[in-house]
Amino acid sequence: MKTLNVLYTELKKLIISPYFIVGVLAFTLMCFSSAGYYDGSKMREYSIFEMITMLDEQNSKLYEFSAQSVCSRGFGSWLMMFLSIIVSFPFVKLMCDERRCGGKRYIVARTGIFRWCFSKLVTAMLSAALICAVGFLLFSGIVHIIFPQCDAEMMMYQVPYWKLLFQTVLTGMCVSLLPFLICSVTTNQYFCICIPFLIQYMYNVAQLELSLQTDFKNDTVRKIVNSITPANIGQVLYKSETGYYTLIIYSVFALLVLFIFTLSQRRCTDNGQ
């Protein structure tokens, strides 16, 4: 019961933070920047923002311009690139400020070091999940207001909304682990936010380079590369082998992050803050 109270208190501090609202709005805007339509005659991709300006009587009859189709394309490459920055806004600011002010020792004295570290990790992951969930629901609501509904015949081929939402939430929770890990060793907010972004960028570049090489066709290399991609954790809903591997990898990574964070706080490597 005491652990639940600590979790509630920590999560409440994150949700009422203005950075939580900033994260939700940034997530929604990045969804609209995703590629939503490809024009084969012009060999060009259009973002969902551009699709709004292209919406007319003729295009509204296309399945690609239906609300269901647009919602399924909201989680694009640009969003995945900046997701680590978006979801880390609330807890990075809060954790760094708490360690600078030196009030951590009073909280730990009441709750215990492990309970405090555990609650910090869980609330960071939950805040990331809430940012993704609220941002995706806001994006879906706006899309359903602007774009027409698809035909009933096409609905049977559409991915259910709850699966799209669940995939988005799981991805956000996985992405939040690396910024949290960096927060355990430094109070520099820019490092905590920007380093995961740089790592994600380098990973995307490396993945692109590997895809152009024949060695990438090797099944083992392909599984490793796909399994460390946070977005693939949603494949567990479809009983995919890649999804299970990704779930195992990030579950182990979460335990490792908790261990490192607890060890760093117990050993007072934060210079007594």
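**Exercise 1. Decide whether Met202 is buried or exposed, and place Met202 in the chain.**

Solution. Step 1: the relative accessible area of Met202 is 53%. Step 2: buried means under 20%, exposed over 50%, and partly exposed in between, with a 1.4 Å probe and protein chains only. Met202 is therefore exposed. Step 3: Met202 belongs to helix α11, residues 189-211; helices (H or I, at least four residues) and strands (E, at least two) are DSSP runs, numbered from the N terminus.

The model is predicted: local features need pLDDT of at least 70, side-chain atom pairs count only at pLDDT 80 or more, and totals for chains, interfaces and linings use all residues. Residues are numbered from 1 along each chain as its sequence is written, and side-chain values use heavy atoms, with hydrogens and water left out.

**Exercise 2. Find the nonpolar surface patch that contains Met202.**

Solution. Step 1: a patch takes residues with over 30% relative accessible area and no salt bridge, joining nonpolar side chains (Val, Leu, Ile, Met, Phe, Trp, Tyr) within 5 Å and like charges within 9 Å. A salt bridge is a side-chain nitrogen of Lys or Arg within 4 Å of a carboxyl oxygen of Asp or Glu. Step 2: Met202 is grouped with Tyr190, Phe191, Ile195, Leu198, Ile199, Tyr201 and Val205. Step 3: together they have about 810 Å² of accessible area, by the Shrake-Rupley method with a 1.4 Å probe, where for residues only the protein chains shown count as cover.

**Exercise 3. Classify the ring pair Phe32 and Phe139.**

Solution. Step 1: rings of Phe, Tyr and Trp (its six-membered ring) pair if their centres lie within 6.5 Å; planes under 30 degrees apart are stacked, over 60 edge-to-face, the rest tilted. This rule gives ten aromatic pairs. Step 2: the centres of Phe32 and Phe139 are 5.0 Å apart and the planes stand at 80°, so the pair is edge-to-face. Step 3: the pair links distant parts of the chain, since Phe32 sits in helix α2 (residues 18-32) and Phe139 in helix α7 (residues 113-146), 107 residues apart. Step 4: both Phe32 and Phe139 are buried. Phe32 and Phe139 also share one aromatic cluster with Phe49 and Phe136.

**Exercise 4. Classify the ring pair Phe114 and Phe118.**

Solution. Step 1: with 6.3 Å centre to centre and 20° between the planes, this pair is stacked. Step 2: Phe114 and Phe118 are four residues apart in helix α7, so about one helical turn separates them. Step 3: Phe114 is partly exposed at 46% relative accessible area, and Phe118 is partly exposed at 31%.
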